[in-house]
Amino acid sequence: MSIIDLIQTGVIGAVKTLYGETITTDQITMNSTRKEFEGDFTVVVFPFTRLARKKPEAIGSEMGQYMVDNVAEIADFNVIKGFLNLVVDDSYWKNFLARTQKDDNFGKHPANGKKVMVEFSSPNTNKPLHLGHIRNILLGWSITQIMEAAGYETIKTQIVNDRGIAICRSMLAWQKFGAGETPESTGMKGDHFVGKYYVKFASAFDAEYQAWQNSPEATQVYEERKKGDQSLEAFFKAYKNDYFNEYSHLGKEAREMLRKWEAGDPEVRALWRKMNDWVLGGFEKTYEKLGVSFDKLYFESDTYLLGKEIIEEGLEKDILHKDGKRVWVDLENIGLGQKTILKSDGTSTYTSQDLGTAELRYQEFGAEKVVYVVGDEQISHFQGVFEILKRLGREYADGLYHLAYGMVDLPSGRMKSREGPVVDADDLIEEVIGEARESSQERGTTEDLSEEAQEEIIRKIGMAALKFFIIKVNPRKRMVFDPKESVDMQGQTGPYVQNAYVRIQAVLRKAGKFSDEKLKDYTKLESLEKDLVSQIYSFPDLILEAAEAYDPSVIANYCYNLAKTYHKFYHDHPILRAESKEAKIFRLVLSTNIGKVLKIGMELLGIEMPEKM
């Protein structure tokens, strides 16, 4: 029985014995004792004043004494106003530590028979993965690992946006300017190669638009469509998209290419497949660097028409409405007004696509939960999709969840990128590994290792820096990523946590083999020792908390706090030269378990732990 269960049972017994009343666990408020007071767990006694007809301080004293007399695991107590602080006996913590020592999967929960699908990354095939994708990918991956540790069967998926006018822009640019070059002939990674042509299209279009602005036709358009005294400069800045659709030669060619794609033109489809394969191959290399993979890939080219049957059902049930070819839904009840499902020309929207994809996924996998890891700019979109599915009576609708994360900024403008102004993922990975290399060379702690071994450690440190710095922030908050700060060995960083683990491994190597038989003979736990055991004890519950909230930052900050406490313990208390053999054994067992928990916790975030650094 857990210490929480033991305390709750004791409180129920105390209320029955002392005051003749029956209560349930739901009526007991408990939390960890605040650092400034002595104790491990605190019971709030204010709710019992009505039952006992006594002041909170008197109730606390009576209940505390009952707990000491009747619950073997409670060694002492103190009362601060209406709060009963209970001190757990050291023997309980030592027995817990001995059990944990033998559990290689400590913290992970048994299978609960439920499935969860997590959709993340979901890039476009016209450019490389970028900084925003990195946060998306790291959140999605860590959520699947945490959900799995919480007992769920997990399915990792993405929907690749591989169709549309943006894709045709890259294709058209390659046709016009590529002269047959390929990723192989240029030595470029496939997604960067295609991204280069997306930028080339943008540059060519900008030049075309600039030239058009000096034409008589542009002057006439300005005179006919300007709003009030709108300046020429302001007008042309706002008119750019309209120009693409109405006057641009490049825009006309791109739209014609899209029309041919939708009509199944064999030449356009062949070019589309070739360039998509280049990009997807590049994505895979980036995913490999990040240590992520997917169980199922969906492609927008396959799913964009899937919502048609659901739309017909919605029209029949009068949930959706039709004006000509346009189909819309009234979402006033959730503050979204009218939302278009099919456009006036009968073409699909992302809403119609997502309705169909949700149905398809449930038919294929039957997942009770589906988590969409998508930026917070899409909040209203997913509110609409989920509301429509609820109105249609879909049994899976209540299990759909949009994890809306904030944008990632950089501290000093944008980093240099290969394909334009957006920071791509590969640049960022190179940047943090470079920072890790520079930091490692300054310390000179791995000079005795081979160059290959040093580079592997540097890679692990760099990737830990990148992943931890992003994951430690609550997903819903906008954040600033600082590559240099992310590798700081003294900050709230991945390398700081790794350093605690490496320190533990160094201690255990020096200690050699040891037996935990004398663990029970260690008589009095130091305050920091008890704090560390208590932190280990909380790990399984924190996994459930992180899974429930879809928030990997819970685990990241737990690992940091555990590492921080261990660094202080290591500084304040000798281990190999402890004051007694019993103290040495206890501290070695404690260190072993902390190392294990740090490794498991960081693995849930997709972070590898080096043995040296």
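Modeller: Start with the largest nonpolar core. A nonpolar core is a set of buried Ala, Val, Leu, Ile, Met, Phe, Trp, Tyr and Cys residues joined through side-chain atoms within 4.5 Å. Buried means under 20% relative accessible area, exposed over 50%, partly exposed in between, with a 1.4 Å probe and protein chains only. Here the largest core has 163 residues, and Val-11, Phe-48, Met-63, Leu-466, Phe-481 and Leu-598 touch the most other members. Apart from it lies another core of 28 residues, including Ile-310, Val-327, Val-329 and Leu-355.

Colleague: What should I know about the source?

Modeller: The model is predicted: local features need pLDDT of at least 70, side-chain atom pairs count only at pLDDT 80 or more, and totals for chains, interfaces and linings use all residues. Residues are numbered from 1 along each chain as its sequence is written, and side-chain values use heavy atoms, with hydrogens and water left out.

Colleague: Which residues does Leu-598 touch?

Modeller: Contact means heavy atoms within 4.5 Å. Setting aside residues up to four places away in sequence, Leu-598 touches Val-497, Ala-500, Tyr-501, Ile-504, Cys-559, Leu-562, Ala-563 and Met-609. Across the protein chain, 73% of the contacts with a separation of 6 or more join residues 24 or more positions apart.

Colleague: How many cavities of 30 Å³ or more are there?

Modeller: Rolling a probe the size of a water molecule over the atoms shows where empty space is left. A cavity is a set of points, on a 1 Å grid over the protein atoms alone, where a 1.4 Å probe fits but cannot get out; lining residues have an atom within 4 Å of a point. Grid points are joined across faces, edges and corners, and a volume is the space filled by probe spheres set on the points. The count is one. The largest cavity has a volume of about 40 Å³.

Colleague: Which residues line the largest cavity?

Modeller: Met-117, Ala-358, Arg-361, Tyr-362, Phe-365, Ala-367, Val-370 and Tyr-396. Helices (H or I, at least four residues) are DSSP runs, numbered from the N terminus. Helix 15 (residues 350-365) gives the most to this lining, with four residues.

Colleague: Is Thr-303 buried or exposed?

Modeller: Thr-303 counts as buried because its relative accessibility is 2%. Thr-303 sits in helix 13 (residues 300-303). Beyond its neighbours within four places in sequence, Thr-303 is in contact with Ile-159, Tyr-298, Gln-353 and Thr-357. For the whole protein chain, buried residues make up 52% of the 613 residues.

Notes: 1 Å grid on protein atoms, 1.4 Å probe; cavity = no way out; pocket = protein on both sides within 12 Å on 5 of 7 lines; lining within 4 Å. Helix = DSSP H or I, 4+ residues; strand = E, 2+ residues; numbered from the N terminus.
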